[in-house]
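Work through the exercises below with the model in view. Try each task before reading its solution.

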Amino acid sequence: MNNYIIAVDIGNTNTHIGLVNRASRSVLSLDIFPSKEIDHRLIKSIVSLAQSMKHAAPAPVVVCSVIASVQERYATALPDRLDGPVSWVRYDPSLPIAVHYEDPALLGADRLANLFYALDVCNGGNVIVIDAGTAITVDYLKSGREFMGGAILPGLTIQLQSLHDHAEHLPLVDAGEIGFEFPGVSTKSCIVSGVRLGIAGSLAFLVERVRRQFNEDAVVLATGGSWKYVQDQVDFNFEFIPELTLVGCAVYQGYAQ
């Protein structure tokens, strides 16, 4: 198994491309750019990482994308430009995680990659994975091998945008532009505190609901660019892994060979 893998995590908002040491689950080099710039940055970034390993064997490339059109555009273009093999994160019944989903093929590639990270670190334990991105996903991996399902809710940016779009007098707020205060003493601070505390409360409820429904404890792993806005408000223990999905892609590649 090649321990050095070029992993690509294409999200709705940003794309992360990294050289990952699978054995140590570490990201050795990382490039992040807006996903709207994929067409002129994706191949260039991957080729640059591949060339940085010119004294080693060609590194496999594994791509996780939540944008369906990306695979259609790059399924041929990537192998044509790279020396190493290219694979895409997708469900396959031969994989070591049993997926209890109405249609396993419809499980998002990012969520599947997250499950493989959990599989790799949990030693057969129960794991709740929270990914706070454009959308927020909360997924439950039981006994390190069974995906029992999860929940999806609007992410922080979507909620802020929705309030502005559907309420005439509410401004569009950037969560990073003002500090958190509760109770809010301005319209902007009321919006930010309401959305941040609302997300934190929803996540606390979902974590507790999973533990109660399955009558078992579970560790919580968190990732995603918006996690920083809610991490101080949640009331459960968690471990934050900045590039959990990216490393999960590399873990997936090892099992999918």
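**Exercise 1.** How many residues lie between β7 and β8 in the hairpin that they form?

Solution. The model is predicted, and local features need pLDDT of at least 70, side-chain atom pairs pLDDT 80 or more, while totals for chains, interfaces and linings use all residues. Residues are numbered from 1 along each chain as its sequence is written, and side-chain values use heavy atoms, with hydrogens and water left out. Strands (E, at least two residues) and helices (H or I, at least four) are DSSP runs numbered from the N terminus. Two residues separate β7 from β8 in the hairpin.

**Exercise 2.** Which strands are joined to β7 by bridges, and in which direction do they run?

Solution. Strands pair if DSSP finds at least two bridges between them.
- Step 1: β8 (residues 135–142) runs antiparallel to β7, with six bridges; here Ala132 has Ile136 as its bridge partner.
- Step 2: β10 (residues 219–223) runs parallel to β7, with five bridges; here Asp131 has Thr223 as its partner.

**Exercise 3.** Are the faces of β7 covered or uncovered?

Solution. Buried means under 20% relative accessible area, exposed over 50%, partly exposed in between (1.4 Å probe, protein chains only).
- Step 1: In a regular strand, side chains alternate between the two sheet faces.
- Step 2: Val127, Val129 and Asp131 are buried on one side, and Ile128, Ile130 and Ala132 on the other.
- Step 3: Both faces are therefore covered.

**Exercise 4.** Why does Ser193 count as buried?

Solution. Ser193 is found in helix α6 (residues 187–214). Ser193 counts as buried because its relative accessibility is 4%. Leaving aside neighbours within four places in sequence, its contacts (heavy atoms within 4.5 Å) include Phe180, Phe182 and Gly198.
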